[in-house]
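Me: I have a structure open and have not looked at it before. Can you walk me through it?

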Amino acid sequence: MALVVLLPLTAACEDGGTGSARPPVRETRPQPTCPPSGVLVRKGTSDAAMGLRTLDIDLVNCGATPVTLNGHPRISLLDAAGKPVPATIRKGSGGVSAVEAFDRPPAALTVRPGGTATASILWRNLVTDGTRPAVTAPSATVVPKPGMPAVRVDGVAVDLGTTTRVGVSPWRLR
């Protein structure tokens, strides 16, 4: 009997005592508009463990025609003023750490309309020289493939320390 009494009281408290149920509130983020190129480049997920960090860069085909990729995106890291930071950016793991997914040879792939391809950036947040300032890059420019324009991606938060080595994986379908 106590269970029967508690359930209606709980429901009444949750809806303000009106007796009408309110649907759950969903938080939504504004979706970026598709640029005229039909290709949206954006920051993806990130991961950090014991100083080794990765950040995904997503290419979303928001256009009407397939996009073919084969290789690695060209990445440049930018400081808060939008100027390039001193960094050595290499295809693959770039001497940062042995990560098989970064060192696989690139393969041609087609990103169909509505599809997404992802490439990842790899770096180690490590200070090895106390006489130099640590390097951080809040933004990057990404050239998805030769012939495509560079796209600025903000909010990347690449904290290189003093090692300044960065690896870039080849594109993969997601």
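Reply: We can start with the whole chain and then turn to single residues.

Reply: This is a predicted model, in which local features need pLDDT of at least 70 and side-chain atom pairs count only at pLDDT 80 or more, while totals for chains, interfaces and linings use all residues. Residues are numbered from 1 along each chain as its sequence is written, and side-chain values use heavy atoms, with hydrogens and water left out.

Me: How many helices and strands does the protein chain have?

Reply: The protein chain has 2 helices and 11 strands. Both kinds are DSSP runs numbered from the N terminus: helices are H or I with at least four residues, strands are E with at least two. Along the sequence the pattern reads α-β-β-β-β-β-α-β-β-β-β-β-β.

Me: What share of the residues is buried?

Reply: Of the 174 residues in the protein chain, 36% are buried. Buried means under 20% relative accessible area, exposed means over 50%, and partly exposed is in between, using a 1.4 Å probe and protein chains only.

Me: And the accessible surface? How much of it belongs to carbon and sulfur atoms?

Reply: The accessible surface is about 10,700 Å², and 58% of that belongs to carbon and sulfur atoms. These areas come from the Shrake-Rupley method with a 1.4 Å probe; for residues, only the protein chains shown count as cover.

Me: What about contacts between residues 24 or more positions apart?

Reply: Such pairs account for 72% of the contacts with a separation of 6 or more. A contact means heavy atoms within 4.5 Å.

Me: How many bridges join strand 4 to strand 8?

Reply: There are 5 bridges between these antiparallel strands. One place to look is Arg74, whose bridge partner in strand 8 is Val143.

Me: Ser139 is in strand 8 too, I think. Is it buried or exposed?

Reply: Ser139 does lie in strand 8, residues 135-143. Ser139 is buried because its relative accessible area is 4%. Its side chain makes a polar contact with the side chain of Asp154, at 2.6 Å. A polar contact is a pair of N or O atoms within 3.5 Å; within protein, one must be able to donate a hydrogen and the other to accept it, and residues adjacent in sequence count only if both atoms are side-chain atoms. Beyond four places in sequence, Ser139 also touches residues including Leu77, Arg152 and Val156.

Me: Which residues touch the most other members in the largest nonpolar core?

Reply: Leu69, Leu77 and Trp171 do, in a core of 28 residues. A nonpolar core is a set of buried Ala, Val, Leu, Ile, Met, Phe, Trp, Tyr and Cys residues joined through side-chain atoms within 4.5 Å. Setting aside neighbours within four places in sequence, Leu69 is in contact with Trp171, and also with Leu59, Ala107 and Pro144, among others.

Me: Where is Pro73?

Reply: Pro73 sits in the loop between strand 3 (67-69) and strand 4. It counts as buried because its relative accessibility is 6%. Among its contacts beyond four places in sequence are Val143, Pro144 and Trp171.

Me: Last topic: what is the phi of Ala157?

Reply: Ala157 has a positive phi of about 50°, although it is not a glycine. Ala157 is in strand 9 and is exposed, with a relative accessible area of 55%. Thr164 also has a positive phi, near 55°, and is a residue other than glycine. Thr164 is in the loop between strand 9 and strand 10 (165-168), and it is buried because its relative accessible area is 14%.

Definitions and conventions:
Two strands pair if DSSP finds at least two bridges between them.
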